[in-house]
Amino acid sequence: MAMPVLSAQENSAAAQSAETPAPAAPAATAPVAAKDKPDRSYSADFVDQKASLYMVDTTVKGAKEVLVTLKNADGADFVFTDANGSELTVPKKTKTYKFRVKADGESLKFARDAANSEDWDVAVDNMRKTAYTLVPFTVLSDSAFPDGNAMVEFFLSSLVSANRLKEAEAYVMSLPLQSASDTVKVAALSVAETLAAKKNTAKAAEIIERVRINSSTSADVIAQAMAVLDQIRTAGDFKRCSLIYSRLSALPENPMKNQAALWGVFCDIATGNKLSAADRLAAIKMDRGEAEFSLLQMIKGDLKIQDKKPDPKAALELYSEGVVFGSLSSSWMPELLYKTAMAYKQIKNFEASNEIFKQIETLYPDNSFASLGKKEIVDIKKLAPQEEDEAEDEGDED
């Protein structure tokens with residue numbers, strides 16, 4: 001139902017409230033000082049506090065904002081009270097009403113100023129009270145509550161920047177992620193990505209599960225979930241992410257289903273399920289023009305390297321084809337280049353391997369494969385004469 005469910009008396013009170021000018025902004029308060037606060041959940045500190053928001057009916061021309069305070073958020077509706085104490089009921093999936101955050105003095109201004117100065121603890125301190133009271137409202141769409149959802153995103157990114165990962169994790173777990181807006185889901189998954197990068201892969205996977213990705217999930221949310229899985233996979237937790245890849249690859253409307261399927265095969269290989277991996281790869285047909293073709297070739301090369309009788313030359317052909325038809329912007333390209341270089345190194349073509357290792361460092365200086373490749377560079381001048389001759393012979397054969 002588009003309109004709030006109001007009695008005749010409540011309609012009259014709401015109309016009277018709508019004609020009343022919004023209350024003046026409270027006097028400026030001093031910014032909250034950054035203190036030695038522990039990194040923990042602060043949900044219990046604000047459990048009894050209810051948010052006040054400005055609400056406006058977008059279907060009424062010239063309607064003014066009404067200040068409302070949350071009374072109850074159970075079920076499918078929000079129940080608010082207005083300045084006169086009248087109750088207003090609004091569906092959580094409303095397309096009629098828009099809401100705006102009622103700032104706590106100038107705390108949000110102080111938070112923005114602190115963030116601009118990268119003083120993240122001060123930013124968090126000044127957002128905390130408002131951010132915790134906004135948790136129930138994260139189910140509102142981004143169009144219905146744009147500044148509120150954006151504030152939750154800002155709060156989570158500030159927690160990560162302040163390295164308050166325990167609080168970030170607890171705050172995410174308090175959010176109704178299954179029903180949350182896309183902005184909030186992406187922000188929560190960004191926290192999961194950071195947790196996975198810190199080797200907390202179990203909690204990162206749990207956050208993905210709480211989002212409950214399905215056929216109606218937006219491409220932005222799926223892309224961020226895949227970024228989390230990249231970190232879980234990089235951390236070596238192949239079994240955990242393999243299950244999620246399997247589900248993502250089964251979604252018909254998932255724009256990244258091919259990539260999810262291929263990474264699932266990658267995890268099979270990593271966990272020793274090579275027969276399963278080979279069967280699944282044989283069923284995947286992909287044109288060279290498709291973005292995931294280079295990933296397909298990398299995984300085929302991995303099978304050659306990890307065979308009972310490793311064949312680095314056959315792997316090199318597959319890796320090289322992936323590089324030629326791949327894109328430097330693909331998330332797996334640093335790994336593909338690294339494996340190409342390692343294959344060259346295995347056949348003792350050190351000039352080629354050294355060149356690629358250096359390219360990785362130039363193109364992807366912050367990637368983990370850049371530092372790994374740097375350690376693999378061979379000082380050709382120090383090679384024993386016999387080994388150098390063998391390397392040249394290997395190079396001539398290629």
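Predicted model: local features only at pLDDT ≥ 70, side-chain atom pairs only at ≥ 80, totals over all residues.
Residues are numbered from 1 along each chain as its sequence is written, and side-chain values use heavy atoms, with hydrogens and water left out.

Let's start with the pocket. The largest pocket comes out at about 720 Å³. By pocket I mean an open set of points on a 1 Å grid over the protein atoms alone, where a 1.4 Å probe fits, with protein on both sides within 12 Å along at least five of seven lines; lining residues have an atom within 4 Å of a point. The volume is the space filled by probe spheres set on the points, and grid points are joined across faces, edges and corners.

There are 30 lining residues, and closest to the centre sit Arg233, Thr234, Glu335, Ser368 and Phe369. Helix 8 (219-234), helix 10 (257-270), helix 12, helix 14 and helix 16 (368-376) each give two or more residues to that lining. Helices here are DSSP runs of H or I, at least four residues, and strands are E runs of at least two, numbered from the N terminus.

Which helix gives the most to the lining? That's helix 14, with 7 residues. By class, the lining splits into 15 nonpolar, 8 polar and 7 charged. Nonpolar is Ala, Val, Leu, Ile, Met, Phe, Trp, Tyr, Cys and Pro; charged is Asp, Glu, Lys and Arg; the others, Gly among them, are polar.

Now, helix 14 against helix 12 (residues 293-305): their axes come within 10 Å and cross at roughly 35°. Those axes are lines fitted to C-alpha atoms over the stretch in contact, with angles from 0 to 180 degrees between N-to-C directions. On the helix 12 side we have Ser294, Met298, Asp302 and Ile305, meeting Glu335, Leu336, Lys339 and Gln346 of helix 14. That contact has 3 nonpolar, 2 polar and 3 charged residues.

Staying on helix 14 (residues 333-346), have a look at Lys345. Leaving out residues up to four places away in sequence, Lys345 touches Phe350, Ser353, Phe357, Glu376 and Val378, where contact means heavy atoms within 4.5 Å. Its C-alpha is 9.4 Å from that of Pro312, 33 residues apart along the chain.

Last stop, Ser215, in the loop between helix 7 (201-211) and helix 8.
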